[in-house]
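I opened this notebook to keep track of what I looked up, one topic at a time. The entries follow the order in which I went through the chains.

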Protein chains: 4
Amino acid sequence: MSGQEFPAADGDAQAPARDPRVADWWRTSIIEMSPGVIRYRGHAIEDLIGQVSFAQMIWLMTRGELPGAEQAQLLDMALMAAVDHGPQAPSVAIARMAATCGVGLNNAMASAMNVLGDVHGGAGEQCVEMLQSIAARMDDGATLEAAVAAGLDEAIALRGKFVSGFGHRFHPVDPRAPRLLALVDEAAQLGVVSGRFAAIGRAVEAELQRRKDGRRIPMNIDGATAVIYAELGFPAPLARGLFCLSRSVGILAHAWEQTQQGGRNKGPMPRDYLWTYDGPPPVRPR
Amino acid sequence: MSGQEFPAADGDAQAPARDPRVADWWRTSIIEMSPGVIRYRGHAIEDLIGQVSFAQMIWLMTRGELPGAEQAQLLDMALMAAVDHGPQAPSVAIARMAATCGVGLNNAMASAMNVLGDVHGGAGEQCVEMLQSIAARMDDGATLEAAVAAGLDEAIALRGKFVSGFGHRFHPVDPRAPRLLALVDEAAQLGVVSGRFAAIGRAVEAELQRRKDGRRIPMNIDGATAVIYAELGFPAPLARGLFCLSRSVGILAHAWEQTQQGGRNKGPMPRDYLWTYDGPPPVRPR
Amino acid sequence: MSGQEFPAADGDAQAPARDPRVADWWRTSIIEMSPGVIRYRGHAIEDLIGQVSFAQMIWLMTRGELPGAEQAQLLDMALMAAVDHGPQAPSVAIARMAATCGVGLNNAMASAMNVLGDVHGGAGEQCVEMLQSIAARMDDGATLEAAVAAGLDEAIALRGKFVSGFGHRFHPVDPRAPRLLALVDEAAQLGVVSGRFAAIGRAVEAELQRRKDGRRIPMNIDGATAVIYAELGFPAPLARGLFCLSRSVGILAHAWEQTQQGGRNKGPMPRDYLWTYDGPPPVRPR
Amino acid sequence: MSGQEFPAADGDAQAPARDPRVADWWRTSIIEMSPGVIRYRGHAIEDLIGQVSFAQMIWLMTRGELPGAEQAQLLDMALMAAVDHGPQAPSVAIARMAATCGVGLNNAMASAMNVLGDVHGGAGEQCVEMLQSIAARMDDGATLEAAVAAGLDEAIALRGKFVSGFGHRFHPVDPRAPRLLALVDEAAQLGVVSGRFAAIGRAVEAELQRRKDGRRIPMNIDGATAVIYAELGFPAPLARGLFCLSRSVGILAHAWEQTQQGGRNKGPMPRDYLWTYDGPPPVRPR
């Protein structure tokens with residue numbers, strides 16, 4: 001571990017000494033560079049290009065190791081499934097409005113990605129946490145049922161009765177979840193993943209249904225991708241990061257479509273609507 | 001409380017019906033508009049301009065009422081005192097780097113303001129919370145000393161041993177705090193504020209010193225502005241918002257200075273420095 | 001003018017050498033610091049607090065000199081007059097939606113400020129540019145009328161027929177503009193400003209009316225604040241920065257009001273609305 | 001093309017009328033939804049999951065059609081090759097500093113993505129523009145050489161002597177470019193792309209070398225990905241959007257690594273450095 005050295009920009013043989021603490025201040029194990037050389041986690045970029053997919057690269061960059069192609073395909077699939085949920089989502093509405101305000105595509109995307117916070121972009125992370133907390137209880141000897149009940153109780157105590165990853169205010173059944181779960185099952189049969197978190201996820205579904213007297217609260221996209229991220233061993237906070245990568249695609253597509261539709265300073269409703277004012281009546285000037 | 005109606009843009013007498021639920025979706029008590037009319041909290045803008053200062057307007061907008069001129073002056077002072085702490089602050093470094101990347105001043109300011117989070121911009125809010133929690137204990141009958149001890153314990157339990165608003169890793173004594181406190185005292189003597197939170201703040205200082213065996217952990221800028229915001233009756237979360245308004249000034253000044261200095265893609269250290277790489281050694285291609 | 005030196009944090013007498021190029025990389029003429037000392041543009045902060053208003057501080061920080069109190073009052077007024085134009089503005093709608101997504105107030109404000117780009121926040125800057133370009137023509141000997149005609153032609157060639165600072169799609173007369181202009185006139189009579197840019201602004205209005213066969217395109221808030229910023233000698237790009245400071249107030253007020261109203265993932269229209277889909281019909285699976 | 005209708009949330013048979021102009025205000029051809037149904041560009045999500053890669057989805061969302069697997073693989077490769085260039089890049093430094101300020105991963109990513117503007121993230125877009133402008137000249141009958149010379153002249157007139165996509169201030173040869181070009185050649189031989197833009201890119205390189213008296217200004221990552229995006233038919237502005245998607249990966253990886261390294265309010269240089277102050281000397285109080 002040492003500061004990288006390279007000739008001063010002007011090629012001066014008598015380059016002044018550099019303070020290694022400055023180089024250390026920005027130390028990283030992700031990328032190494034010297035003129036003509038770029039290595040990610042030790043892999044030269046020219047060895048990766050054409051050999052490694054975008055999904056494998058995402059994994060390598062965030063976790064330090066190259067995954068197998070089959071595991072990366074599951075990751076690819078989770079990223080692909082969550083790209084968009086339409087302009088009723090605040091992030092997408094923001095991207096579209098921003099695109100009419102005279103800023104760059106990158107700015108419109110940033111204003112939108114910025115709101116993928118605990119409520120809008122955190123459900124996957126919260127669900128991975130719960131799934132992992134249930135798995136940890138099982139590692140400590142609890143049965144699946146007991147671990148699920150305790151994990152659910154904990155999640156509800158932390159965040160309230162709406163359990164992240166389950167139920168949807170719009171879709172009675174989220175069409176993305178069963179399809180993703182089926183592909184996790186396939187991968188588990190092939191030994192690509194263990195299938196443990198798919199089982200936990202379904203047990204959570206069953207426990208929720210039991211508590212709701214038989215009403216089903218099915219897994220949603222956040223639950224299904226959380227199962228995949230947990231199966232693949234991602235730490236929970238990265239689930240939010242991966243969701244940001246995924247949803248950026250819809251954000252970009254909508255910002256771009258809006259750019260082509262045109263408009264200036266697009267507001268949230270048609271121009272001849274005004275908001276309801278519910279404040280104090282007109283005040284007489286003093 | 002009702003949806004505002006105004007003639008359709010084209011002046012058509014047969015304007016189509018509007019769904020009042022859409023207007024209600026964006027209801028607000030802050031601003032009322034009709035063509036030629038703008039009222040903030042009931043006050044026509046033309047009655048405010050020239051009569052009301054920027055600080056009074058900030059108060060009116062966030063709290064719904066016009067403050068007196070003296071109270072507004074205290075607010076003005078708190079805003080004025082916290083505008084900048086230099087390029088070692090991540091927000092200011094971000095503003096300066098952003099200004100070299102081909103984005104607008106507004107974008108550079110936004111990237112910077114965005115990082116005024118719990119750690120970088122939340123100390124004032126956290127301190128107002130503690131001050132108010134101490135005051136509430138006194139309202140419930142506790143003595144100042146007991147309330148301060150309990151409030152401090154609570155703050156430390158919540159956020160760790162560094163108490164927001166007290167102590168500074170760079171300034172032995174933050175030169176902004178004593179001066180602001182002196183002005184709060186003056187205002188209290190004139191009856192502009194009660195002086196209660198200044199007393200609480202000083203009691204916290206004393207209690208911290210007692211716990212540190214006599215070593216002083218003096219109030220810093222966040223503590224002093226928190227005292228002012230609490231004296232003026234601001235809810236704690238607005239303390240963060242006010243800090244954002246204040247620090248935006250330094251952010252703007254630095255982004256603008258950097259624009260004039262020039263540079264493209266300014267990195268965090270001089271060009272002939274590279275970061276230290278501490279990851280795995282080069283991997284042989286497969 | 002040299003890199004500041006100060007004892008290492010741990011008080012070690014044998015502090016390691018520091019590379020002055022690193023300190024120079026972040027050089028600034030805005031702020032000087034040493035332990036216990038903060039100076040803005042040479043002024044110790046404790047000398048400024050209580051003596052200098054927030055508006056004076058904004059001026060000092062962005063321009064390097066302390067303005068007189070009367071000039072600062074004009075600046076204060078321009079900042080105060082432009083704080084909000086309601087939730088139909090994309091920035092305010094963004095702030096309100098962001099506030100329901102589980103992010104901090106600072107984040108909601110940043111997503112909103114970020115869209116104050118060329119179209120949503122650039123009119124003041126563009127208008128100052130035009131006013132200054134007209135003044136420069138007069139300095140070169142042109143008459144007011146000729147300079148205005150040429151300046152207008154240039155602005156229209158650059159940005160199209162909607163001249164920044166004049167006309168409003170909602171207000172037949174923007175109620176903020178005449179009041180601000182009246183106060184500029186007062187200030188000019190007192191010698192606080194020259195009145196030159198107010199005259200130019202009015203001449204632009206007259207020329208626009210002449211070109212529109214008598215239909216008035218009155219100055220709007222961006223035009224009136226541009227007159228003030230030009231009277232006060234601000235470079236055009238700072239007009240956008242000042243607008244960002246001003247509009248941040250409305251952005252904060254709306255984000256905060258929305259926080260109190262509650263809601264989760266607030267979309268742009270009521271929940272039982274969906275967008276119109278105008279893409280291809282359902283595709284049969286392959 | 002009509003507003004989508006769906007039962008009111010409460011299942012009320014007497015749902016109030018909705019104003020179709022509100023649904024139209026947010027019209028899009030990207031996504032269609034009804035309860036239990038999500039279609040992107042007409043494709044039901046359950047038909048896409050497991051059949052279509054993330055790269056194909058990015059294409060479908062931004063352009064409206066599903067690409068073939070081979071074309072999508074080229075896109076995947078371009079996205080994969082540009083994920084990171086280390087902490088000297090302002091975006092990555094911003095992501096790392098932001099991660100220490102008490103904001104979410106999504107906020108850190110947004111502050112970083114926000115600076116991928118004309119200078120930091122626009123080179124690919126600018127290069128695609130030039131490549132397409134050269135191709136258009138050839139479509140109009142110009143020879144490759146003449147079209148390249150004219151296209152280069154135009155680019156230089158627009159943006160100065162540094163031609164976007166060519167040359168690198170750090171790498172004598174950018175190791176990513178030759179490898180990407182080789183894969184474009186392979187794809188051209190297989191008929192996946194035409195190879196036209198690879199030829200144009202190389203002709204630009206040759207013309208630049210001729211103008212520099214034999215000194216090579218080789219294609220860089222932005223040039224090589226621009227060739228790929230142009231070969232695949234992407235409009236130039238999307239090249240910036242795609243770069244944002246790609247670089248988000250490095251941004252996420254660095255923000256996450258910094259989170260694990262810890263730190264609070266990470267500045268741009270080690271704590272015992274201060275910036276150089278080059279402003280006015282201390283001012284005596286009035």
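Predicted model: local features only at pLDDT ≥ 70, side-chain atom pairs only at ≥ 80, totals over all residues.

**Entry 1: how two copies are related**

Residues are numbered from 1 along each chain as its sequence is written, chains are lettered from A and ligands numbered from 1 in the order in which they are written, and side-chain values use heavy atoms, with hydrogens and water left out.

**Entry 2: the interface of chains D and A**

I looked up the contact (heavy atoms within 4.5 Å) and read that 91 residues of chain D and 92 residues of chain A take part. Because 100% of the interface residues of chain D are also interface residues in chain A, the copies meet through the same surface.

The two chains bury about 7800 Å² between them, 72% of it on carbon and sulfur atoms; buried area is the accessible area (1.4 Å probe) that two parts lose on being put together, summed over both. In chain D, the residues that lose the most area to chain A are Trp25(D), Trp26(D) and Phe54(D), together 11% of what that side buries.

I then asked how many salt bridges the rule finds across this interface. There are two, a salt bridge being a side-chain nitrogen of Lys or Arg within 4 Å of a carboxyl oxygen of Asp or Glu. In one, the side chains of Arg21(A) and Asp272(D) meet at 2.7 Å, N to O.

**Entry 3: a hairpin in chain B**

I turned to strands E2 (residues 31-34) and E3 (residues 37-40) of chain B, which pair in the antiparallel sense over four bridges; strands are DSSP runs of at least two residues, numbered from the N terminus, and two of them pair if DSSP finds at least two bridges between them. Ser34(B) has Val37(B) in E3(B) as its bridge partner. E2(B) and E3(B) form a hairpin with two residues between them, and Gly36(B) in the turn has a positive phi of about 85 degrees.
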